[in-house]
Amino acid sequence: MEHESVTELMAILILQLGIILFAIRFFGNLAKKIGVPQVLGELIAGIIIGPYALGGIQLPGFPHGIFPLAAGSLSVSTELYAFAIVASIILLFASGLETNIRLFLRYSLAGGIISTGGVLASFAAGCFVGMLMFQTSFTDPRSLFLGVLITSNSLGIVARLLSDQKKMDSPESVTILAASLFDDVLTIIALSVVLGIIAVIAGDPHAGEVLHLPPILATAAKVFGIWLGCVALGVIFSKKIANFLKLFKDSISFSILALGIALILGGIFEKQGLAMIIGAYIAGLALSKTDIAPVIQECTRGLYEFFVPIFFAVMGMMVNFRDMISLPVLAFGGIYAAAAIIAKLIGCGGSALFLGFNVKGAMRIGLGMAPRGEMTLILAGIGLAIGILSQELFAVLILMILLTTVVVPPLLNASLKLAGSGTRKPVKGDDTESMTWKFPSSEIADLVVNTIYDDLRDEGFYVQVMNFDKRVCQARKDDIILSIAEEGNSITIKTSKTDMQFVKTEVYEVIVMLHESIRKLKESSDPKSMKKGLLSDGRSRQDLLAQITQECISVNLSSVTKEEVITELVDILAAQGKLLDRDMALSDVFEREKTMSTGMSNGIALPHAKTDGVEDIEVAIGIKKEGIEFESMDGEISRIFILLVSPKKTTGPHIQFLAAISSILSNKDIREEVINATSPKQIVKLFQSKNPPAK
C-alpha cells in the first residue's frame, strides 16, 4: 500500500511538472511578444494554473484539482516546492558565477557608494512601510523582511533594456551594472543579518518590544563574519578548487560537480541557520574569477533553463489571486511599489549626483536600479516558508514586483532617449581596447569567428557563447578575457590594452590559415563538376515542400533576363508580405548568384540565399515556357525557376529543401507537367501527388 501511495504521488508530480513546462513556455513567450520581461509571464503562468485558480478545479481522477491546495503556508506540495528550492540554488549559483570580481573591485568606489545608498534607502523604506501598515515597531520580523525584500534590483530586466537601446557602454549603464554587482552582495549580507536578528527576536519574546542592541549587534557581527569569511576562503582557494574540478577532464563532469559544491554549501548554510541560497551564491562567487567559470555557465545552462522557470511558476502558484485583487492588498502593494521605486531614485540617484553625474544621469541610474525580480522572489519564498510572510503579504510582494517591472522600464527607456550626456564632464576611456574587422559577407565572418573559437580552445581558452542570437562570446584563460561580437559582416574583439597584441596576432594567424585552406580547396575540388551530380533522384519530403503555396507561384513570368527573373520572384514574395526587407533579400540572392550560377540542367534554375530579409523559409516558383538564358551547366535555356530564401541566424531546412526539389524535378515527366501547368493550384497539386511522404 505504501509503495502504491508513493507511486501515485510521483505520477501526480510528473504530470504537474509536464503541465508547468508547457504553461511557462507559452506565457513566457507571450510576455516577450508583448514587450514585458519573460519572468513575469512565467510568474503569471503559475498564478493561472495554481491551486487558487485553474489548478484547484475538480476533474475526473483529481477530486481536489491537478494542483490541490496543500496544508500549511506554502500552498503547493512539498515535492513541487523541492523543485523550486533546487531552482533557487541554481539561480543564485549562476548569479555568483556571473559576478565579475575584477569589475566589482574596479568600480568599488562608484558602484559601492551608489549601491549602498540604494540598499540603505530601500531597507529603510521597506521597514517604514511595514511599520506604517502593521502599526508595529522597527524590529517586527515582518518589517525587517519587507526592508530586505526591496534592497536588490533585477539586473536581468535592466540589462536587456540597455542592450536593446544599445546603451550598454554609456557611463550610466556601466555604473548600473557595477552597482548591481554590489546590490546582490549587499542583499545577501542583509538577509544574513536580518535572519540572525529574527532568530534573536524569536529567542526573546520581549525583543520585539524593546530594542536590545547588544545581542542583535553580536548576532549581526557573527553572521556577517561567517559570510565574509566564507567568501574570502572561497576566493583565496578558488584556483585550487578549479584545479581539483579540472581533474575530471570532461567539462560537463566538472561543471556538474561545481553545482554539487553549491548544493553542499547551501545545505551547510541552512543547517547553520542561514539561507541556503547564501551558500550557493558564495560557491558561484568563488569560481567566478577562474577560467572555467564561463564553461560551467554554458554546461549548466540546460539545467538553468529547465529549473529556474519552474521556480517562478511555483512562486506564482503560492499567490491567492483573490487576495491580490482585494482593496487592502492593492493599496498596500501600490504603496510598497512606490516606496521601492522612490527609494532607489533617492538612494542611488542621489548618490550618483556626488559622483560626477548630473540630474539626468542620476535619474537614469535610479530608474535602472528600481525594477525588482528574481532575488526578491527568492527572498519572498524564504519568508513564506519560515512563516514570516502571510499569504496576503506574499500577494503584496508579487504585486510590487509586477508594478516595478512593468512601470519602470518605459520610464527608463524614455530617460535614455533624452538628448544630452548624463555626466557633468566628458568621461575618460578605460584600460580596454576594441578592434573591428570587416569581411565581404556575413558567411565569411561566420567562418572566421568560428575558426577563432576553435583556435582559442586549442590555445587553452574556455569559450562561452553569451548570446546565441547576437553572436556574442567570451573567451577566458587565466587573467586574459576577450569579448567577441559578430554583427553582420563585422567581428569586434574587446580586451585589455596589454592583450590586444595577442588578439591581433590571433586574427592574423586565423586569416592566414583560412587563406591556405581555401587555396588547397580550390586546387582539390571543382564546384562545377560537383554541380552535375546534384540533380538526381533521392529522398523527397512532403513536409518540406509544404512551403510551396499557390500565392507565391507564377505560371507565366514576364521577365526576359536572369536578373529580371530573380527580381520578379522576390517581388512575388514581397507582395505576399513574406519578406522583412525586400531589398536586402534581393541583394543577398544576387550576391549568391555571383559566386556561381544556380542554373542547373534540364531547364531548371534554383536561385537561393540565406538572408536577414526574411523571418522564415520562403519559396516562390515561376514558369517561363519560352525559357531564358540562366548560365545553366548544360548550356540550355531554363524554364522552371524556384527561388528559396531562408533566415541567416536561425536553423531551417534550407539545403534539405534544395535537395528535395532537385530529387522531384530529376524526373522528366514531372518537369514537363510543371512547365505545361496552367494554374498555380495545378503546380501545388502536382508536387503533392508526385512527392511521397517522408520516411
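1. Helices (H or I, at least four residues) and strands (E, at least two) are taken here as DSSP runs, numbered from the N terminus. On that basis, the secondary structure of the protein chain amounts to 28 helices and ten strands. The model is a predicted one, in which local features need pLDDT of at least 70 and side-chain atom pairs count only at pLDDT 80 or more, while totals for chains, interfaces and linings use all residues. Residues are numbered from 1 along each chain as its sequence is written, and side-chain values use heavy atoms, with hydrogens and water left out.

2. Overall burial and surface. Residues are called buried under 20% relative accessible area, exposed over 50% and partly exposed in between (1.4 Å probe, protein chains only). Of the 695 residues of the protein chain, 48% count as buried. Accessible areas come from the Shrake-Rupley method with a 1.4 Å probe, and for residues only the protein chains shown count as cover. The accessible surface of the protein chain is about 32,700 Å², and carbon and sulfur atoms hold 62% of that surface.

3. Contacts along the chain. A contact means heavy atoms within 4.5 Å. Among contacts in the protein chain with a separation of 6 or more, 74% are accounted for by residues 24 or more positions apart.

4. The α18 and α19 pair. Axes are lines fitted to C-alpha atoms, for helices over the stretch in contact, with angles running from 0 to 180 degrees between N-to-C directions. The axes of helix α18 (residues 374-385) and helix α19 (residues 391-416) come within 10 Å and cross at roughly 180 degrees. Helix α18 is therefore roughly antiparallel to α19. Helix α18 contributes Thr 376, Leu 377, Ala 380, Gly 381 and Leu 384 to the contact, and α19 contributes Gln 391, Phe 394, Leu 397, Ile 398, Met 400 and Ile 401. As to the wording, angles under 35 degrees count as roughly parallel, over 145 as roughly antiparallel, 65 to 115 as roughly perpendicular and the rest as oblique.

5. Gln 16 lies in helix α1 (residues 2-33) and is buried, at a relative accessible area of 5%. Leaving aside neighbours within four places in sequence, Gln 16 is in contact with Ile 66, Phe 67, Pro 68, Ser 77 and Leu 80. Glu 506 lies in helix α21 (residues 500-524) and is buried as well, with a relative accessible area of 7%. Not counting residues up to four places away in sequence, Glu 506 touches Ile 452, Asp 455 and Leu 456.

6. Salt bridges. The criterion is a side-chain nitrogen of Lys or Arg within 4 Å of a carboxyl oxygen of Asp or Glu. The structure holds eight salt bridges. One of them joins Asp 140 to Arg 142, with the closest N and O atoms 3.1 Å apart; Asp 140 is buried at 13% relative accessible area, whereas Arg 142 is partly exposed at 29%.

7. Further salt bridges. Arg 301 and Glu 305 meet through their side chains at 2.9 Å, N to O. Because they are four residues apart in helix α14 (residues 301-317), Arg 301 and Glu 305 are separated by about one helical turn. Arg 301 is partly exposed at 41% relative accessible area, and Glu 305 is partly exposed at 31%. Arg 582 and Asp 583 likewise form a salt bridge (2.9 Å, N to O), with Arg 582 partly exposed at 30% relative accessibility. Salt bridges that share partners also join Lys 562, Glu 593 and Glu 631 into one network.

8. A nonpolar surface patch. Patches are made of residues with over 30% relative accessible area and no salt bridge, like charges being joined within 9 Å and nonpolar side chains (Val, Leu, Ile, Met, Phe, Trp, Tyr) within 5 Å. Ile 342, Leu 345, Ile 346, Met 363 and Leu 418 make a nonpolar patch of about 420 Å². Helix α16 (residues 327-352) supplies the largest share of this patch, three residues. Ile 342 is found in helix α16 and is partly exposed, at 45% relative accessibility.

9. Backbone points to inspect. Gln 135 has a positive phi of about 50 degrees although it is not a glycine. Gln 135 sits in the loop between α5 (108-134) and α6 (141-149) and is exposed, at 67% relative accessible area. Asn 602, also not a glycine, has a positive phi of about 60 degrees. Asn 602 is placed in the loop between α25 (582-595) and β7 (604-605) and is partly exposed at 40% relative accessibility.
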